[in-house]
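Got your viewer open and a cartoon view ready? Load the model and follow along, one selection at a time.

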Amino acid sequence: MSFIQMKNITKNFHRIGEPAVSELNLAINQGEIVTLLGPSGCGKTTTLRMLAGFEQPDSGTIIIDDLTVFDNYKSVPPEKRGIGMVFQDYTLFPHMTIEKNVMFGLSKWRFRERKRRAEEVLELVGLSDYAKRSPNELSGGQQQRVALARALAPKPHVILMDEPFSNLDAGLREKMRFDVANILKQANTTAIIVTHDQKDAFSVSDRVVVMRNGVIQQIDEPRQMYRCPRNCFVAQFVGKTNLLTGKLCPDMLHVDTHIGRVSLPERTEQLLEEVHVSIRPEGCRLTEKGRYSGKVERVTYGGDYQELEISLPTNPLVNEPMIIYAPVEREVEIGSIVSFDITPELVALVEN
Ligand SMILES: Nc1ncnc2c1ncn2[C@@H]1O[C@H](COP(=O)(O)OP(=O)(O)OP(=O)(O)O)[C@@H](O)[C@H]1O
Ligand SMILES: [Mg+2]
């Protein structure tokens with residue numbers, strides 16, 4: 001049985017209108033890192049707060065480590081759920097040393113054990129030498145690691161982190177994603193991380209949960225989510241994509257679109273003739289005699305790749321250019337005609 005189970009959880013803050021979270025079902029394994037990903041207002045924080053016990057669902061069941069912490073009959077208070085929280089702004093106590101900050105949550109422990117545990121978790125987050133400093137003598141990334149150490153100190157079953165990377169600049173953010181994932185894996189802690197940033201989600205988690213308007217859209221490993229998004233929303237939310245409509249061919253392996261015939265990675269069992277396909281920009285490779293060709297309308301230099309917008313002449317009713325990525329060393333002139341092929345592995349049939 002899964003370590004954390006949220007079953008049919010619904011929460012409506014207002015009597016009328018759409019619920020903030022609707023019929024949510026989520027099962028998480030021991031030691032797994034899962035991120036909740038979605039646009040602002042889609043119910044990520046509400047889901048986290050219900051799990052922690054700061055918010056009561058209208059209905060549903062929550063089980064953590066075989067213990068029912070919420071159902072129709074009871075609600076276990078937050079401090080008895082064995083959950084550690086790391087908030088967006090870290091909330092370290094400015095007047096206490098790093099060590100005291102970490103020891104704070106261990107008030108029921110004996111002093112010597114508190115001190116030993118603080119040393120242990122500070123070592124885990126790589127800040128043993130900073131124990132006697134105060135929070136304002138630390139960088140943003142270091143402060144965040146202290147907040148994580150403090151949350152880990154009481155040995156919680158689960159760590160919840162709400163937008164843990166949002167206060168960090170781009171370079172530090174990338175490093176912290178790596179550090180946080182490492183620290184959580186070393187501590188073998190189950191973690192749920194909330195973010196609206198796809199890169200955060202993909203780089204730290206074992207599985208990603210994409211939400212929209214309080215409803216889970218897809219739960220998958222990052223690679224699978226990227227390659228096989230279930231619907232148009234997920235396809236567009238996780239990375240860039242080209243969404244095309246078309247007609248499924250009788251062989252169930254090709255789709256006729258306005259840019260021409262596109263191959264699917266495998267035969268589909270889809271029954272409808274009218275379909276949507278998502279084609280990732282990375283799946284389009286510039287080649288000499290490619291199957292598709294069009295005019296370069298725009299080139300955006302992205303550092304590690306360049307993004308091209310290409311208009312294809314085939315159907316005047318569809319003006320949407322195709323977005324494709326090209327290697328930076330390739331000189332591409334605006335107005336020139338280029339040709340490309342599409343890798344079927346980065347093509348997916350998606351629901352509307
Ligand atoms: N205490 C509250 N009272 C009333 N409505 C609330 C409350 N908390 C959240 N909501 C509403 O519930 C919905 C989901 O909010 P939530 O904070 O869970 O979103 P989120 O996905 O965390 O968004 P963000 O990325 O902006 O933090 C929103 O429409 C929000 O306005
Ligand atoms: Mg939020």
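In what order do the 4 strands of the open sheet come? They run β2-β1-β4-β5, with antiparallel pairing. Keep in mind that this is a predicted model, where local features need pLDDT of at least 70, side-chain atom pairs count only at pLDDT 80 or more, and totals for chains, interfaces and linings use all residues. Residues are numbered from 1 along each chain as its sequence is written, while chains are lettered from A and ligands numbered from 1 in the order in which they are written.

Select 21–28 and 67–70 next: these are β2 and β5, the edge strands, and each has a single partner strand, so one side of each has no neighbour in the sheet. From one strand to the next, the twist averages 20°. (Strands are DSSP E runs of at least two residues and helices are H or I runs of at least four, numbered from the N terminus; strands pair if DSSP finds at least two bridges between them.)

Now pick β1, residues 4–11: 5 bridges link it to β2, antiparallel. Show Lys11 and you'll find Val21 of β2 opposite.

(Axes are lines fitted to C-alpha atoms, for helices over the stretch in contact, with angles from 0 to 180 degrees between N-to-C directions; contact means C-beta atoms, placed from the backbone, within 7 Å.)

Jump to 242–248 and 274–279: β11 and β14 pair antiparallel over 6 bridges, and Leu243 faces Ser278 in β14. Last stop, 347–350: this is β20, joined to β14 by 4 antiparallel bridges, with Leu349 opposite Val277.
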